[in-house]
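Student: I am new to this model. Please take me through one part of it closely.

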Amino acid sequence: VLNVFKHRYLPITEQDRKDMLEKIGVESVAELFEDIPVSSQSESGQGSRIPEAMSELELTRHMQDLAGKNATASTHAMFLGAGVYDHFIPSVVNHVLLRQEFFTAYTPYQPEASQGELQALFEFQSMIAELTGMPISNSSLYDGFAALGEAGNLAVGAVRKTNRILVSEGIHPQAIETLKTYGYAANYDVEPVGMAGDVTDLAELEEKIDKDLSAVVIGYPNFLGSIEAIHKVKELLEGTKALLIVVANPLALATLEAPGKLGADIVVGDMQPLGLNMSFGGPHAGFMTVTKKLMRKMPGRMVGQTVDENGDRGFVMTLQTREQHIRREKATSNYSSNQALFALASGVFMSAMGKEGIVEMAQQNINKSHYFKQQLQEAGFEIFNERPFFNEFVVKVNQSVEAINDALFEEGFIGGYDVSDYVEGSEAVLLCATEKRTKEEIDTFVEKFAEVAK
């Protein structure tokens, strides 16, 4: 034991170092860095110039000063949505999330040692199934875009002798790119369907439907915030084998009709609006719900409820058809990662808010965004959306969106997302108002927006 403390383990001895330098023909380590300008080197020519060490108190203050230079949703009123939203998250979410038994938990392969995590995931699945109106949910995927890619693979695998997916251009453009990447790898085509104003062009969709079609992808709400007519899309697919894939905002489903009741075969999306921090765009957690017919083709894992030998309630991984398991070559997906910790966060959020709380939160998003729209119209702006929308909408402007956002930033606001490509002949910005925006913030934003956007 004494020898352990007396003699450190040195993987490379000084002689080893000399032998290596001699082998490559140099005399010193410093000689390896001769190409680096002297001004960038330390005085000794070795290592970097690291400041003197600080005490814990000094370092904390220093890091706080650096963090204070950032602009965040805490320092600026945020009117940016476009896929990631500034929503209220009750403190209980982090209190549960950071408990060590959840925060450090690994994949619950052994149910006898993982009942807490398995129950949390089962509750998550149950609530997502209820929101989407679908019978089967998995225990999450990497994020909403990955969930869409997995849905594309599932559809092509489930609908025999087809290799084509139609995707509305009303889907988030980055989600479409992700789906195309999945399609390239799995050898199926992803074709766009254009927009008729702020919603999918159903006439164009009808023309493109044929026997080779695996699925149609539609947003609910779509990328521009508008509510698509899901039931009409389903009607167009009658008599075909093609599946209906709905990309949904889970918060919006608290007030909208559930996609499962409108004929959806697969519903996917991102859980970020329900209890997950924006985190600069991720990581978040994706969800996927399917019909019973598609259950065994679903990627990832599904947690089920059972009873033990004593008849007591218990939880197990019912399906785990992913790449790590025994029949690797028959896995439903070779790159479906779940997000158990963030699924837990969403589960805690939904439990804390309750049915009435989530409905009220969704309704506040509708009320505040529609008040926002009304104030902009009264200020002389034209709204692009003709269909009902959830919490974001498109405004036509006469200046570049980048210039508008720069000016708004100086006034303490984070502006919207440039969607000029969707609006022919005009610059356009996608603006969002969640439950966190106050009347005073909205009114002041409209006043400043009118000054810089006309």
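Student: By class, how many nonpolar, polar and charged residues does the lining of the largest pocket have? Please look closely at that pocket and at the parts around it.

Tutor: The lining has 24 nonpolar, 20 polar and 5 charged residues. Keep in mind that this is a predicted model.

Start with the whole. The protein has 454 residues, and 47% of them count as buried. It holds 13 helices and 16 strands. Its C-alpha atoms fill a box of roughly 80 × 70 × 45 Å along the principal axes. Take the contacts with a separation of 6 or more: 70% of them come from residues 24 or more positions apart.

The space in the largest pocket is about 1100 Å³. It is lined by 49 residues, and the closest to its centre are Gly 81, Ala 82, Gly 83, Val 84 and Tyr 85. Several elements take part in the lining. H7, H8, E7, strand E8 (243–248) and strand E9 (266–270) each supply at least two residues.

Take H8 from that list. Helix H8 covers residues 173–186. Which of its residues are buried? They are Ala 175, Ile 176, Leu 179, Tyr 182 and Gly 183. Down the helix axis, the buried residues of H8 fall within an arc of 120°, so they line one face. They pack against H7, strand E3 (164–168), strand E4 (189–193) and strand E7 (213–220). On the other side of H8, Thr 181, Tyr 184 and Ala 185 are exposed. After the helix comes Asn 187, with a positive phi near 65°.

H7 also supplies lining residues. Look at the loops on either side of H7. One runs between strand E2 (136–137) and helix H7 (144–158), and Leu 141 is in it. Leu 141 has a relative accessible area of 1%, under the 20% cut-off, so it counts as buried. Ser 140 is buried, with a relative accessible area of 0%.

Backbone angles deserve a look here. Most residues other than glycine have a negative phi, and most peptide bonds are trans. Ser 140 is not a glycine, yet its phi is positive, about 100°. Lys 161 is another non-glycine with a positive phi, about 60°. Lys 161 sits in the loop between H7 and E3. Is Lys 161 buried or exposed? At 80% relative accessibility, Lys 161 counts as exposed.

One joins Tyr 220 and Pro 221, with omega about -5°. Pro 221 is in the loop between E7 and helix H10 (230–236). Another runs from Gly 282 to Pro 283, with omega near 10°. Pro 283 belongs to the loop between E9 and strand E10 (286–290). Both E7 and E9 supply at least two residues of the pocket lining.

How values were computed
Residues are numbered from 1 along each chain as its sequence is written. This is a predicted model: local features need pLDDT of at least 70, side-chain atom pairs count only at pLDDT 80 or more; totals for chains, interfaces and linings use all residues. Side-chain values use heavy atoms; hydrogens and water are left out. Helices (H or I, at least four residues) and strands (E, at least two) are DSSP runs, numbered from the N terminus. Buried means under 20% relative accessible area, exposed over 50%, partly exposed in between (1.4 Å probe, protein chains only). The expected span of a helix is 1.5 Å times one less than its number of residues. The arc is that of the directions from the helix axis to the C-beta atoms. Contact means heavy atoms within 4.5 Å. On a 1 Å grid over the protein atoms alone, a cavity is a set of points where a 1.4 Å probe fits but cannot get out, and a pocket is an open set with protein on both sides within 12 Å along at least five of seven lines; lining residues have an atom within 4 Å of a point. Grid points are joined across faces, edges and corners, and a volume is the space filled by probe spheres set on the points. Ala, Val, Leu, Ile, Met, Phe, Trp, Tyr, Cys and Pro count as nonpolar, Asp, Glu, Lys and Arg as charged, and the others, Gly among them, as polar.
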